[in-house]
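I opened the model today and kept notes on what I looked up. The entries follow in the order I made them.

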Amino acid sequence: MSLTKIIKILIVIMLFPVVANAETDKEFVVMIDPGHGGKDAGALGRRTNEKTVNLAVAKKLQKLINSKMKDAKAEMTRDGDYFVTLKERPNIAKRKKADIFVSIHANSIDKKSPMHSTINGAAVYTLGLKKSDTNLSVAMRENAVMKLESDYSTTYEGFDPSSAESYIAFEMMQHSNMDQSIDLAEAVQNELVRTAGRKNNGVRQAPFWVLVGTSMPAILVELDYICNPRMEKFMASEAGQEKLARAIYNGIERFRKNSSSRSSSSSSSKVIPTTEDVRETEVEVAGKAAKSESATPKSQVNAGGVVYKIQFLTSPTVLKKKDSHLKGLSPVDYYKDGKTYKYTYGEYSSMSEANAGLKKVKKLFGDAFVIKTRDGKRVK
Ligand SMILES: [Zn+2]
């Protein structure tokens, strides 16, 4: 297999993300992607299969959006029981100028596992870089469908969905819409718990091929485990499907609300930060910095050349760019402080901009905080 080719493709995807449509009068387009179909049944339950559940929930979701969601419409990558390749699905989304991509799946684990008929819970995935065996096995199962395409080794440039080695290239990936994808994933995951009563297996990241080609915020929903007969019964029932569709609908609504309030507040972010913003961050910085740094006179703080950065990690050694501790965050920078290396993300000219960036970084690194720097060195 040619790893270089995969890397080349991924780099092209990274360099040329389709810029999100900024027209405000445009309808919000939700691309619903019911996983599997046709010769690919997906995971098997005892009485039904994944492709059937996925399509049923997707159709109910489409109906909800088209009848109830304001200024929005839903499109489907498939609306019947037929086969669509993993590569074609994001292409359909691009052609329809979709604003978000929601792939719907049902989970399953190996028959030999003692948890096979008891495991349960929903999880929402974004395209991911985090190295985790459990998440990788879910992605491997979902990606395996490409083997049903007769020319899959050409189409996917030698990528082998069942070889862990093939996934190395994914480590380099940075989805151009990662922050928004995580926001969407969190909103939908919350509703799967609240509205559909699913056990919360959290928002996760994994290398799903179907998300690779997407150029808009994109998530993959694992509704619940079809290998668990009780969960299967729920997912096969009219009432269960209704709840699941409603949950995803509510999550999308919440995401839209959050992002519209985000964009209206970011348009005013050039304004001087509120005292509250500043105070909050300063306290955090002071708390973390006190141990290791000599104080710089306060009079220098607002002088020229100040750059705000988000500090998210300390390490005793310099990390490789692809180190899993960085959780895919890129590009990153670091400065040396005593014997430790402190990793930072972003460069902002104002505290308010840095605070906006901080929200995103905090999703990956909960205790990240904003620092002030001058000439690459931290100042207080
Ligand atoms: Zn699936």
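**Entry 1: a loop residue.** I began with asparagine 228, which counts as buried because its relative accessibility is 3%. Buried means under 20% relative accessible area, exposed over 50%, and partly exposed in between, with a 1.4 Å probe and protein chains only. I found asparagine 228 in the loop between β6 (218-225) and α8 (229-236). Helices (H or I, at least four residues) and strands (E, at least two) are DSSP runs, numbered from the N terminus. Leaving out residues up to four places away in sequence, asparagine 228 touches His116, Ser117, Thr118, Ile119 and Asn120. Contact means heavy atoms within 4.5 Å.

**Entry 2: what I am working from.** This is a predicted model, in which local features need pLDDT of at least 70, side-chain atom pairs count only at pLDDT 80 or more, and totals for chains, interfaces and linings use all residues. Residues are numbered from 1 along each chain as its sequence is written, and side-chain values use heavy atoms, with hydrogens and water left out.

**Entry 3: a sheet.** I traced an open sheet of six strands in the order β2-β1-β3-β6-β4-β5, with mixed pairing. Its edge strands, β2 (72-76) and β5 (200-206), each pair on one side only. From one strand to the next the twist averages 25°. Two strands pair if DSSP finds at least two bridges between them. Strand β1 (residues 28-34) runs parallel to β3 and is joined to β3 by five bridges. In β3, serine 103 stands opposite aspartate 33.

**Entry 4: the whole chain.** I counted eleven helices and eleven strands in the protein chain. Of its 380 residues, 49% are buried. Among contacts with a separation of 6 or more, 78% are between residues 24 or more positions apart.

Notes
Axes fitted to C-alpha atoms, helices over the stretch in contact; angles between N-to-C directions.
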